[in-house]
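Hello,

I am passing a structure on to you and would like to share what turned up in it. Please open it first, and then read the notes below.

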Amino acid sequence: MLKDITLGQYFPGNTVAHRLDSRTKILLVLLYIVALFCAKGIVTYAILGACLAACVHISKVGVGQLVRGLKPVLFIMIFTGMLNLFFTPGERYLVNWWIFRISDTGVHNAVFMVLRIMMLIMGTFLMTYTTSPISLTDGLERLLGWMKRFRVPVHELAMMMSIALRFIPTLIEETDKIMSAQKARGADFESGNLIQKAKALIPILVPLFISAFRRADELATAMECRCYHGGEGRTKLHVLQYRGRDFIALALGGAITAGIIVMSRFGL
């Protein structure tokens, strides 16, 4: 299960999706989220699904990687779908037995809610797969630059988000190594009730926290040795610059989002 968590991983490539400006990809994801929450019918979801499939094809990441990233949130999707299925009232009930009442509206909401969660996760994961943590940091810092007028530490916030994304795969790998070592010593993480399983995680959490704090201390020492003092006066090796493909991608994303909003407004 831990190996299925792919958030924060970056897959290098030379596709159009990889060459897009990181600010463009962040804005496109925001437009995608807005369109996804405005979509209300089969037509609008089909359009967004086709756009996502086209982006996956262009990025050459592979559908398998995106599907593998859905496994850790499978329980959340099933739980959300069940809640919408059994607790949504409607005009016509398909099942009405004991406490189980399934309406046509409940089926509709459950299906589209699960689809929304799946497409939302796959779309955001696709951005991290095709954008390096450094590029994400620079893009966030440039997009949130206007907040510096209100003395918001934009550079520090962007740096913390980038470091958090960067170290998610590292911590997952470290957790997997600790679990393998504990299993080799006879530890059992699968049998027993919920409380016993929670107690069995203590031998994992203690060394994991120690390792995480050690890595954080080593990173802080390395940054101090390189005279890191925040974002003031710093220059960048790769300066972000919008190109023609970025404007085309933003125009397409804006047009699709506007079209989804209009179609949902008219009930399509």
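Predicted model: local features only at pLDDT ≥ 70, side-chain atom pairs only at ≥ 80, totals over all residues.

L94, V95, W97, W98, F100, V107, V111 and L115 make a nonpolar surface patch of about 780 Å². The elements that give two or more residues to this patch are β1 (93-97) and α6. V95 counts as partly exposed because its relative accessibility is 34%, and partly exposed covers the range between under 20% (buried) and over 50% (exposed).

The largest pocket holds about 1,200 Å³ of space. Its lining has 45 residues, and I134, S135, T137, D138 and K236 lie nearest the centre. Two or more lining residues come from each of α1 (16-19), α2 (22-38), α7 (133-143), α8 (154-184), α10 (202-225) and α11 (244-265). Which element gives the most to this lining? That is α8, with eight residues. By class, the lining of the largest pocket divides into 16 nonpolar, 14 polar and 15 charged residues.

The second largest pocket has about 720 Å³ of space. Here 27 residues form the lining, with L20, L28, C51, C55 and A249 nearest the centre. The elements giving two or more residues to it are α1, α2, α3 (42-59), α6 (104-130) and α11. The lining of this second pocket has 20 nonpolar, five polar and two charged residues.

Enjoy looking around!

Best wishes

Conventions. Residues numbered from 1 in each chain as written. Heavy atoms only, no water. 1 Å grid on protein atoms, 1.4 Å probe; cavity = no way out; pocket = protein on both sides within 12 Å on 5 of 7 lines; lining within 4 Å. Points joined across faces, edges and corners; volume = space filled by probe spheres on them. Helix = DSSP H or I, 4+ residues; strand = E, 2+ residues; numbered from the N terminus. Nonpolar A, V, L, I, M, F, W, Y, C, P; charged D, E, K, R; others polar. Patch = residues over 30% accessible without salt bridge, like charges linked within 9 Å, V, L, I, M, F, W, Y side chains within 5 Å. Areas by Shrake-Rupley, 256 points an atom, 1.4 Å probe, with all protein chains shown as cover. Salt bridge = Lys/Arg side-chain N within 4 Å of Asp/Glu carboxyl O. Buried < 20%, exposed > 50% of the residue type's maximum accessible area, 1.4 Å probe, protein only.
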